[in-house]
Amino acid sequence: MVGTPKLTTLLKKCSTLKQAKEIHAHILINGLFHLEQLLIHHILLWNVTNYKTLARYVHVVLHRMRNPDSFSWGCMIRFFSQNGPFMEAISLYVQMQRIGLCPTSHAMSSALKSCAKVQDGFHGVSIHGQVHVLGFNACVYVQTALLDLYSKIGDVGTARKLFDEMSDRNVVSWNSMLSGYLKAGNLGKAQEFFEEIPKKDVISWNSMVSGYAKSGDMDSAYSLFQQMPERNLASWNTMIGGFVVCGSIVSAREFFNAMPMRNNVSWITMIAGYSKSGDVESARKLFDKMNKKDLLLYNAMIACYAQNSRPKEALELFSEMIKPEIYVNPDKMTLASAISACSQLADLEYWCWIELHMSDFGIVLDDHLITALIDLYAKCGSIDRAYELFHGLKQRDLVAYSAMIYGCGINGRSSDAIKLYEQMLEDCIRPNLAIYTGLLTAYNHAGLVEEGYQCFNSMKENGVVPSLDHYGIMVDLLGRAGWLNEAYNLITNMSMQPNASVWGALLLACRVHNNVELGEIAVQHCIKLESDVAGYCSLLSSIYAAVGKWDDAKKFRMSEEGKITKVPGCSWKI
DNA sequence: CTAGGGTTAG
């Protein structure tokens, strides 16, 4: 038999899950059930990396407790409200009352924090209803958590009402209210409120700086930053992030270099900045300098590759992170980038390989990922599978429709694309640029000139301004059908500067219909706009050859490097 | 014995 004092001492010293399990066994054998509470409390305060395993274990212990109590449940709710899963925290809060436990103010503020994290206004409001009944009207923690919840779900009015009614406020309450104004985008009101804060701390300052930075007003942000009585990592990181948003990558780097200390957030912000400005090499250099790479760092780098049309490197890095000797558990974000990379490579096999490991990763497909997969399957020609996934979505949004419509478009299913478009309008979703890209692609593949032209013209009526891509498709569509002059007129009447792929589309059409006059014009523009001249020259050369202008044909073939290349920036095949 | 606010990947 082991007594309570001895077990308590052991318990306070234990630091691994294995030891904890042994102690728990002793607790059960000796019937010292009151110690379970201590065990749960103790373990949940460990600062460990494998907190998921830990949480799973404690969760089981909690549910099997002989004498369940509010304190233990509160500890578990607090733990989940800090690390996630937040839904689980809310669910535990509901469950504890179902088994007859009365929530403490601690449990309640943690539950409210979780509601704020996942924007769960429904549970948030129902907890609000309990505050009075349970007598937490004067608890500053509960009141502040509640105020913060309303701030985060965008209900500044209710937040302010709570703030005014609070009997006791501290700097956290002020900061929550401030972040409410900032989240609502009300910078003026926020600034006014900020000045009223009696005892500002570093978070008050950071919030205000972040507000200016997010709105792109880096002058005001910088001026505040300089006035700060005290700065921490987040202050610096906010400034870097602000410069990144404004596209001032050089200033961002200056701040990054100047800061006294850096954490992962600093590195990730900087990498994301380089990614946004298209400087993949600089991003990679930073990435390689980090010796302790966490999930978010991998995600930032993989996303950088995926967004900058470097899908192969994205997948290489993904493979690297899941190698046993490195293993970083990927999450949904990682997969979103990986799927996008697969899609760019039209590599269905790689995805199938990932899919085998989904349960190891502990990832369940959500609508976001399914939408990415629709795009992948559609691009790989498996339009039926794409349809299956589409029908399995909980909510069909604009992105899902555009993936589907585009997928139908490139697979020659134009009537399906139109049906989807009509269905989308019925769902009250307004079309955007991507939707029209899909539709026009569908018309283009089907060679439906009139319909395509009509659709193109209807864009303006729906308040969508055609982009270079749309002009490119239209020129291709008109050109292939032999309406070369119409295509040329479309280009000359463009509201923006045509690029090489627009002219390239005309050049291709000229090749198909052997039109020397327009072909010469098109090729001149192409050469002016693109460095890869060989492909264009070879095209023009073959137009000359087709109409029997052999000398001209020969002249242009000389500059050719030997092979006909695809027109750069052009998604349709020659 | 536990609780509430600011900065990171799409």
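Visitor: What makes D384, R413, D416 and K419 a network of salt bridges?

Guide: A salt bridge is a side-chain nitrogen of Lys or Arg within 4 Å of a carboxyl oxygen of Asp or Glu, and D384, R413, D416 and K419 are linked in a network of such pairs. In this predicted model, local features need pLDDT of at least 70 and side-chain atom pairs count only at pLDDT 80 or more, while totals for chains, interfaces and linings use all residues. Side-chain values use heavy atoms, leaving out hydrogens and water, residues are numbered from 1 along each chain as its sequence is written, and chains are lettered from A and ligands numbered from 1 in the order in which they are written.

Visitor: How do you know that K419 and D416 form a salt bridge?

Guide: The closest N and O atoms of K419 and D416 are 3.9 Å apart, and the limit is 4 Å, so the pair qualifies. R413 also forms a salt bridge with D416, and there the closest N and O atoms are 2.9 Å apart. K419 and D416 are three residues apart in helix α27 (residues 414–426), which means that about one helical turn separates them; a helix here is a DSSP run of H or I with at least four residues, a strand is a run of E with at least two, and both are numbered from the N terminus. An α-helix has 3.6 residues a turn, so residues three or four places apart point the same way.

Visitor: What makes D375 and K379 a salt bridge?

Guide: Their closest N and O atoms are 2.8 Å apart, and this pair is one of the 14 salt bridges that the structure holds. D375 and K379 are four residues apart in helix α24 (residues 367–379), and therefore about one helical turn separates them. K379 has 35% relative accessibility, so K379 counts as partly exposed.

Visitor: How do you know that S173 makes a polar contact with T144?

Guide: A polar contact is a pair of N or O atoms within 3.5 Å; within protein, one must be able to donate a hydrogen and the other to accept it, and residues adjacent in sequence count only if both atoms are side-chain atoms. The side chains of S173 and T144 make such a contact at 3.1 Å. S173 lies in helix α11 (residues 171–183) and has a relative accessible area of 0%, so S173 is buried. Contact in general means heavy atoms within 4.5 Å, and, leaving aside neighbours within four places in sequence, S173 is in contact with V140, T144, L147, F163 and M166.

Visitor: Which residues come nearest to DNA strand B?

Guide: A residue is near a strand if one of its heavy atoms lies within 4 Å of it, and of the 42 residues around DNA strand B, N175, D201, N206, N232 and M333 come nearest. Sugar and phosphate account for 39% of the atoms of DNA strand B that come within 4 Å of the protein. A polar side-chain atom of K113 lies 2.9 Å from a phosphate oxygen of DNA strand B, and for K214 the corresponding distance is 3.1 Å.

Visitor: What makes the span of helix α29 close to the expected one?

Guide: The expected span is 1.5 Å times one less than the number of residues. Helix α29 (residues 449–461) has 13 residues and reaches 19 Å from its first C-alpha to its last, close to the 18 Å expected. V449, G452, C455, F456, S458 and M459 are the buried residues of α29, and what covers them includes α28 (433–446), α30 (468–480) and α31 (484–492).

Visitor: How many helices and strands are there in chain A?

Guide: Chain A has 35 helices and zero strands, and of its 574 residues, 48% count as buried.

Terms used
Buried < 20%, exposed > 50% of the residue type's maximum accessible area, 1.4 Å probe, protein only.
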